[in-house]
Amino acid sequence: MDRRSILKAALLGTASLAAPSFSLARTPDGLFELTAGKGQGRLYGDAGGLSELWLYNDRLPGPEIRVKRGERVRVLFKNTLDEPTSVHWHGIRIDNAMDGVAGLTQPPVQPGESFEYDFVAPDAGTYWYHAHTMSWNQVPRGLAGPLIVEDEKPHFPVKRDITLFLSDWRLDDKGLLETASFGAMHDFAHAGRLGNWLTINGQSMPDIPLQQGRWHRLRLINASASRVLDLAPDRFGAQVIGLDGQAFSAPREISGTLQLAPAQRMDLIVRPEKTGTLPFEMMTGKPFTFARFQVTETDSEDLQLTLPPANDLEEPDLSFARELPLVMAGGAMGGMRSLMRDGVSLNPREMMEAGLFWAFNGSAGMEDTPFFTANQGETIVLESRNDTAFPHAIHLHGHHFRVLERNGVKLDHQDWRDTFTTVPEETVKIAFVADNPGKWLLHCHMLGHSASGMMNWFEVS
Ligand code: C2O
Ligand code: CU
Ligand code: CU
């Protein structure tokens, strides 16, 4: 948070009890009905006034969609906005036709039109859904919500399985969503659209109820357009049990900060020893409290802690892998002199006019031919290098990958992820089995970056 901002931490004392995330019920036909439309919401507490937002089912965040692993999910989506949109199911190893990428996997859903998403969720875990048409504009106005895939049997009682949907907002001095700077080229060429306020499940500084001496599962989702959240779960006694929806084999104590980049998720377990208040802080600069855990006594029964089992993902076979480079370049202070767009070289003035500031391997944006083509079942190793002055959060659609190395050093935990972070001058090696046929995006999840060049696609045939 920018603590120099006019907003400061003025909300102390006006805290609200965090509403549990709202689960969407199915219709008698087994459908989820999801409607995108204009709405309003209070981002800056009760004092803040009503901001004009774009919402799913008139809720902030969108309603939680909860299904079981392996279940068929049918969502009847309706667009009542004034502009086209589509819905992407982030992190789901989905049937390509249901991936929600307008222009690649489906035509955009026009105003007044509907689309039925129909897919199977093969992996349990914490996921989310969000608009995938002009995402840089639609997501930070509110078009996002949680998608939770449960194991066959639930591991935590409902009250102790808590979704925390974290969203960064840029508010003006009245505490209203600032809209004049949407699409600002300056943001796109720098760190992206950063906000100055954070909401949790759509609320400012909520109190999150926890029970003393009982195990809880916290499902953190960073839905911010560009804000990397520096968290320190050990400061409130939590351990990490999974990332990006994929469960670890054992809980992990992490000391110091752990970054949650845009689109990433982190699953925690916590059993508070004492009653009272535990701050939930952001560790950028001085610790900044954005929510509070309120721990109370309870007479409910404790449970035997059993952790969710890992999903069944195919292991990359490194001895038969195809290695491909992924060089990120461009942006302010990046010194990029030219980039390729559809086979044509653009100079800095032309880049500026086209609103393209970033490139993967020298080319910007979606091209007619894929970035690479993989045969189904082939192991791909991407060797990424960040030649820019900014961090990025690179996401692959339709697949999860293992993060193997950073700066040439093999990682102790080669975790599965769908979005990996990279800082300036860093090299990161990832590997995955290209086992899901179709056309898949590969992009930076800092949404202004993907809109201005950091987006391409690959094909699995
Ligand atoms: Cu969260 Cu291309 O998506
Ligand atoms: Cu995705
Ligand atoms: Cu980026």
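Tutor: Before we start on the sheet, note that two strands count as paired if DSSP finds at least two bridges between them. Keep in mind as well that this is a predicted model.

Student: Which strands are the edge strands of the open sheet of 6 strands?

Tutor: The open sheet has 6 strands with mixed pairing, and their order is E10-E9-E12-E17-E14-E15. An edge strand pairs on one side only, and this holds for the two strands at the ends of that order, which are strand E10 (197-200) and strand E15 (246-252).

Student: In E17, what is the bridge partner of Val240?

Tutor: Strand E14 (residues 239-243) and strand E17 (residues 265-270) run antiparallel and are joined by 4 bridges. Within E17, the residue that partners Val240 is Leu268.

Student: Which residues coordinate the copper ion (ligand 2), and how many residues apart are they?

Tutor: The copper ion (ligand 2) is coordinated at 1.9 Å through the NE2 atoms of His88 and His395. His88 lies in strand E5 (residues 87-90) and His395 in strand E26 (residues 392-396), so that the pair links distant parts of the chain, with a separation of 307 residues.

Terms used: Residues are numbered from 1 along each chain as its sequence is written. Chains are lettered from A and ligands numbered from 1 in the order in which they are written. This is a predicted model: local features need pLDDT of at least 70, side-chain atom pairs count only at pLDDT 80 or more; totals for chains, interfaces and linings use all residues. Side-chain values use heavy atoms; hydrogens and water are left out. Donors are N, O and S atoms within 2.8 Å of the metal (3.2 Å for Na, K and Ca); water is not among the atoms, so sites may look incomplete.
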